[in-house]
Each structure stands twice: as C-alpha cells, then as structure tokens.
Amino acid sequence: MSFLAVDGLTKRYGGIAAVDQLSLTVEKGEFVSLLGPSGCGKTTTLQMIAGFVEPSTGTITLDGMNLLATKPAKRGLGIVFQSYALFPHMNATENVAFGLAMQGVPRTERNRRVAEALALVGLAEFAGRFPRSMSGGQQQRVALARALVIRPRMLLLDEPLSNLDAKLREEMQVELRQIQRSVGITTLLVTHDQAEAMALSDRIVIMNKGRAEQIARPDCAYEQPASPFVASFLGKTNLLAGRIAAETLSIGDRDWPAPRGIAMGAVTVTLRPEKIGFADTGLAGTVRTRLFLGSQWLFQVDTSAGLILVVRQNGGDAMPQEGAAVALAWRAEDMRVARDGSAA
Amino acid sequence: MSAATDTGRSGILSTPYLLSAPALLLYAVLLLVPLVATALLSLHSFGIYKGIENVYNLANYRDIFGDSYFYEIFGRTFRIAFLVTVLSALIGAPEAYILNRMRAPWRGIFLLVALGPLLISVISRTLGWALLLGSNGLVNQGLTAAGLISEPLQFMYSETGIVIALTHVLIPLMVISVWASLQRLDPQIENAAISLGAGPLTVLRRIVLPQAMPGILSGGIIVFALSASAFATPAIIGGRRLKVAATLAYDEFLNTLDWPLGAAIAVLLLVANILIIVGCNRLLEKRYAEVFR
C-alpha cells in the first residue's frame with residue numbers, strides 16, 4: 001500500500017471537470033511533482049488533499065487513513081502556499097511556533113524546535129523579524145520552517161518558488177531538495193515550471209485538462225513522452241509531420257525505415273532538438289536564426305519538413321552561420337512516432 | 001545646504017506652499033476661522049440684561065467645571081458614545097466578516113442592505129426608532145405579547161433608547177471600515193492556520209481579528225466621534241430632559257441665548273473628544289503595532 005493513494009479523484013465545477021478521474025500514488029519519502037499548465041487542475045488536486053476543496057468523487061488515503069473523513073485541521077499536513085500566507089502580525093518565531101502551540105507542545109520544547117526549524121532553513125538570525133521586513137526568499141523559508149516544524153506526515157508545496165526571481169529560485173530548488181532529503185519527508189509539489197519539476201522530483205505527474213497524461217521518473221518522461229503534449233511541455237521539442245507508406249517513414253524529402261506496429265498514414269514525429277546533429281548527408285535545410293546561449297547554440301533550420309529546432313552543445317567547435325546550407329541527421333531510435341488523431 | 005544655494009532656490013522652496021495654497025485656504029476659511037471664533041466666543045461673558053460682553057476671561061469654564069450638572073451631561077455623552085462604539089464593534093465587525101465570506105451575488109446584495117441606512121436621513125431613521133421604541137411601540141407590544149414583560153419598558157427619553165438608535169445609525173460606518181481591512185486579507189492565511197491545526201474559533205481570534213484590528217479601530221474612532229457629537233438622535237429620542245453635550249450647547253445658544261457658555265461647552269466637547277480618541281488610538285496602536293505598519 002502506498003503512503004499516499006489518490007484514486008478516481010474528480011472535482012466538477014458546474015458541468016466542467018477541473019480534475020477528472022485522477023489516480024496517483026506517492027511512496028514514503030518520495031518527492032512527487034504535479035506539473036501542468038495553468039488550469040490543468042494541479043492546484044485543485046492539492047487543495048483536495050489539503051482539505052480546502054471538497055472532491056466530487058474519489059478517495060484519498062494517507063498512511064492507510066481515509067483523508068476525506070478527516071477535518072483539514074487534523075490531517076497533519078505541512079503546507080507551503082504560493083503567497084507564503086505568513087501571519088503578518090507575528091514575527092518569524094511566532095509564525096513557526098503557531099502550529100506547535102496548536103498541538104499543545106510545552107513552551108520549552110516549542111522554543112527548541114522553533115529554533116531548530118529556523119536554523120534548518122538558515123534563518124536563525126531573523127527569528128524576531130516580521131514578514132513585512134523580510135525578502136521574498138526569507139518569507140519563503142519561514143513558510144517552509146512553519147510547515148516542517150509540526151513534523152507533518154506529508155509536505156504539500158503549492159508553487160512555492162514562483163514568486164522568486166530566477167537566480168534565487170535555482171538556489172532555493174537546491175536547498176529545498178537538500179532539506180527534503182535530510183528530513184526524509186514525503187513531498188508533493190505543484191508547479192507549472194517543467195525545469196523545477198524535473199530538477200526536484202523523483203517522479204512527475206504531468207497533468208492536462210484535469211487528467212494525468214503521464215506519471216514517470218523525470219528522465220523517463222523526458223526521453224519517452226507518452227504523448228505529444230508531454231513532449232512539448234517537458235523541455236523543447238520538434239513536432240514533425242510525417243507519413244508512413246509500406247516500409248518507409250517519410251519526413252520531408254528523407255526516408256527512414258518505418259517503426260513496427262504503426263499503421264500507414266499521416267503521423268506526428270517527436271524529436272528532441274539536442275538529438276539532431278549537423279552531418280554531411282541528411283535532411284537538407286538552411287539556418288534561419290542562430291542564438292548563442294553560453295553553454296549551448298540554438299538553431300532554427302528551414303527544411304522541407306518545416307522549421308526544425310536544433311540545439312548543439314558549445315564544445316568550442318565552429319558552428320554554421322545564419323543562411324548556411326546544412327544537412328540534419330539523427331538516429332532512428334530518437335524519434336517517437338504517433339498516429340495522427342490517436343490520443344498517445 | 002549653503003546660503004548661496006538657499007537664496008537661489010527660494011523660489012523652488014515656496015512652490016509646495018503655493019501649490020497647496022487653495023487647499024490651505026479652504027481649510028482655513030471653513031475650519032480654522034469658525035473654530036477660532038468659537039474658542040474666542042467662549043471667553044466672552046454673558047448677562048441677562050447686558051447680553052454678550054466683549055471681555056476675555058475663563059468665567060464660563062469655571063462655571064462648567066464648578067457645576068455637577070455639566071459633569072452629569074458630559075458623563076452621559078461619553079458613556080453613550082462608549083457604549084455605541086463597543087456595540088458597533090461587537091455587531092459590525094462580525095457582520096463585515098460574514099459579508100466578506102459570502103458568495104458573489106449575495107455579497108453585493110447584503111452589503112447594500114447593510115449600508116442602506118446611510119442612504120436614509122438621520123431624522124427619518126430616528127423617528128422610525130421613536131415609533132418602534134415608544135410605550136405602545138412595536139418592541140414593547142412584541143415583548144408584552146411574548147409574555148416577557150408585564151409593563152412597557154421605558155426606551156424613549158432614556159439612555160438605552162439613545163444607544164440603540166445611535167448604534168443603528170452609525171453601524172454602517174463600522175462595517176465599511178472593517179470590510180476595507182478584511183479586503184486586504186489573504187484568504188490563504190486562514191487556510192495556513194487551519195493546516196497547522198487551528199480550529200475555527202482560534203483562526204478567528206488569533207489570525208483574523210488581529211488583522212481586522214486596524215479597521216475596527218478606525219471604525220471605532222469614527223463611531224465614537226460621531227456619537228459623542230451627535231445631535232439629532234439624542235434630541236429626538238432623549239427629548240428635552242435627557243441632554244447630551246451637543247443638545248446642551250444647542251439649548252444654550254438658542255434657548256438661553258448664552259452664546260459664550262454654549263461655545264465653551266462646544267470647545268470642551270471637541271477637546272475631550274480629541275483627547276479620548278488620540279489616547280485610545282495610541283494605546284491600541286502600541287498593542288497591535290505590527291498590523292499597522
């Protein structure tokens with residue numbers, strides 16, 4: 001039995017299903033992300049687990065206990081909100097101590113645990129500060145300490161880093177992962193940032209229109225996306241129009257051996273831009289734009305199969321200029337082929 | 001800044017005063033002049049045969065401070081104002097909180113209902129209360145019919161009646177004020193408290209109330225100041241006998257024609273009002289320092 005098990009969870013607003021028959025499991029100590037565009041139902045899912053939104057149907061069990069029959073205040077979950085939701089009239093210490101006071105923890109132990117929690121997030125010197133006089137990153141840490149100090153059975157993070165600037169966000173990602181590992185707490189993260197989800201999670205649930213499109217390890221989901229939606233949402237990707245006739249797969253004016261098990265007709269080929277190389281022979285094209293990104297080069301190449309995105313590592317080699325004629329080549333196994341019109 | 005640049009910038013330095021001159025002028029003509037005139041008037045003396053005499057002394061104030069009659073009236077004025085303020089806070093703050101939690105169509109409708117009394121003149125509202133609270137009024141008839149009382153309660157010409165009517169008149173101002181402070185509240189903060197194990201009452205007392213405090217306090221100041229200086233409601237419900245400071249000043253001006261004494265009462269009412277409000281504000285601001293920042 002999984003630690004957290006969500007089964008057939010559905011939330012309808014009027015006739016529209018915000019979350020539609022969602023089932024997922026989280027193992028003890030695991031870090032799982034709900035990833036998807038805004039409006040995909042990921043935050044609604046988190047709020048149903050937290051108890052702030054009542055599901056239409058479905059069950060949620062945590063550690064063998066029926067969570068839906070438990071009041072939100074008794075669920076024992078640590079939650080970090082997107083807006084941090086710190087108590088503005090309390091300083092950092094009082095904010096963190098609030099949950100312990102609710103549990104009736106004696107004052108001396110409370111003080112010790114609050115100090116520990118603030119030290120864990122690196123805010124020992126800011127104990128007396130009020131939220132108003134703290135930066136976004138510091139407020140974020142207080143919110144994390146406040147959620148962790150009650151020793152929750154599970155940590156729910158609702159877009160916790162989306163209000164931070166890019167550099168701080170990366171630092172906090174590393175720190176969040178370290179803290180989660182050291183505490184060993186089961187964590188569910190809601191985010192729309194695919195890089196964040198991939199960097200932090202053991203597994204990702206990619207959601208679209210209230211449904212889980214794929215539940216997999218980040219590298220698996222990236223390399224073997226279950227659908228064109230997953231492929232285009234996780235990282236950059238090329239979606240090429242192709243056609244299977246007899247034994248060959250044609251993309252533009254080039255042919256590959258057709259993959260097995262796919263009927264003849266129009267297909268969509270997903271191909272990661274970093275899997276494409278410049279070669280002597282291959283799909284002919286012209287470099288339309290060339291961007292230098294430091295560690296990488298980014299090309300847009302005009303071909304008979306349309307505009308193709310190519311990413312090359314910056315290894316110090318000379319790269320084609322804009323306007324240069326190039327030939328693009330890739331391995332047949334890097335392509336993922338799906339019949340047009342089919343779901344996957 | 002050196003003297004040289006000082007003279008060079010004298011034109012710039014006077015600009016702010018020039019720009020705010022129209023407002024300052026309005027302020028001076030409409031507020032400062034009448035106030036100073038009233039204060040000067042209160043220093044004159046009055047005789048039945050001589051009328052107002054152009055002398056300056058503190059005789060009026062000496063009379064007021066030496067007469068228990070005035071103590072009684074000022075005591076009553078501020079007792080009423082205090083009770084009205086407390087009642088408005090006790091009723092208005094929960095009212096605003098409930099309004100704030102209502103859903104879309106109902107919220108607007110009930111907000112209008114709550115603020116509706118502001119659209120009706122104080123006189124009509126108070127006359128309405130006079131009808132309700134009279135010996136044969138609806139309230140007494142209802143209580144008698146329910147068997148709760150055998151004789152009609154005396155609401156008219158009593159402090160209770162004034163407090164009830166004034167609370168009704170002024171409560172919308174408390175609701176608006178608390179409403180405004182609740183609007184700024186992040187709804188996730190309540191969820192955060194719940195997730196940390198707080199029950200509904202704890203959330204209200206330890207999370208919502210402290211954040212609504214600035215609104216309750218500013219509403220309280222408005223309600224207190226307006227009920228301490230209220231004229232129409234005490235005049236109608238309190239009648240000729242049960243006087244408060246405002247009706248007393250009115251009577252001195254228009255019945256006794258002792259303008260200087262009336263002016264002295266008005267000045268004392270103003271000063272006492274300011275002292276009480278500023279004092280309470282200081283106390284509460286210190287207590288809830290963080291929320292006010």
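**Note on the two-chain model**

1. The largest nonpolar core holds 77 residues. Within this core, A:Val96, A:Ala145, A:Leu156 and A:Ile206 touch the most other members. Helix H4 of chain A, residues 136–148, supplies the largest share, six residues. A second core is separate and has 49 residues. Among its members are B:Ala81, B:Ile162, B:Leu217 and B:Ala245. Please keep in mind that this is a predicted model.

2. Look next at A:Ala145. Setting aside neighbours within four places in sequence, A:Ala145 is in contact with A:Val96, A:Ala117, A:Leu118, A:Leu120, A:Val121 and A:Leu123. One of these partners, A:Val96, is also among the core residues that touch the most other members.

3. Now the overall form of chain B. The chain has 14 helices and two strands. Its radius of gyration is 24 Å, whereas the globule rule gives 19 Å for 293 residues. The value is well over the rule, so chain B is more spread out than a compact globule. Along the principal axes, the C-alpha atoms of chain B fill a box of roughly 75 × 65 × 30 Å.

4. Burial and contacts in chain B come next. Of its 293 residues, 31% count as buried. Take the contacts in chain B with a separation of 6 or more: 73% of them are between residues 24 or more positions apart.

5. On the interface, 18 residues of chain B are in contact with 19 residues of chain A. On the chain B side, the elements giving two or more residues are helix H9 (187–195), helix H10 (200–228) and helix H14 (289–292). H9(B) gives the most, with six residues. By residue class, the chain B side divides into nine nonpolar, six polar and three charged.

6. Strand S12 of chain A, residues 248–251, has alternating side chains. A:Leu249 and A:Ile251 point to one face and are buried.

7. S12(A) has a strand partner in S11(A), residues 238–245. The two run antiparallel and are joined by three bridges. A:Ala245 stands opposite A:Thr248 of S12(A). Their hairpin has two residues between the strands, and A:Ala246 takes a positive phi near 50° there.

8. S12(A) also pairs with S13(A), residues 254–257. This pairing is antiparallel too, over four bridges. Which residue of S13(A) is the bridge partner of A:Leu249? The partner is A:Trp256. The hairpin of S12(A) and S13(A) has two residues between the strands. In this hairpin A:Gly252 takes a positive phi near 60°.

9. A:Asp340 lies in the segment after strand S20 of chain A, residues 336–339. Is A:Asp340 buried or exposed? Exposed: A:Asp340 has 12 other C-beta atoms within 10 Å, and a residue counts as exposed at 12 or fewer. Not counting residues up to four places away in sequence, A:Asp340 touches A:Ala266, A:Val267 and A:Thr268. A:Ala279 is 61 residues from A:Asp340 along the chain, and their C-alpha atoms are separated by 29 Å.

Conventions
Residues numbered from 1 in each chain as written. Chains lettered and ligands numbered in written order. Predicted model: local features only at pLDDT ≥ 70, side-chain atom pairs only at ≥ 80, totals over all residues. Core = buried A, V, L, I, M, F, W, Y, C linked by C-beta atoms within 7 Å. Buried ≥ 20, exposed ≤ 12 C-beta atoms within 10 Å, placed from the backbone. Contact = placed C-beta atoms within 7 Å. Nonpolar A, V, L, I, M, F, W, Y, C, P; charged D, E, K, R; others polar. Rg over C-alpha atoms; globule rule 2.2 N^0.38 Å. Pairing = 2+ DSSP bridges.
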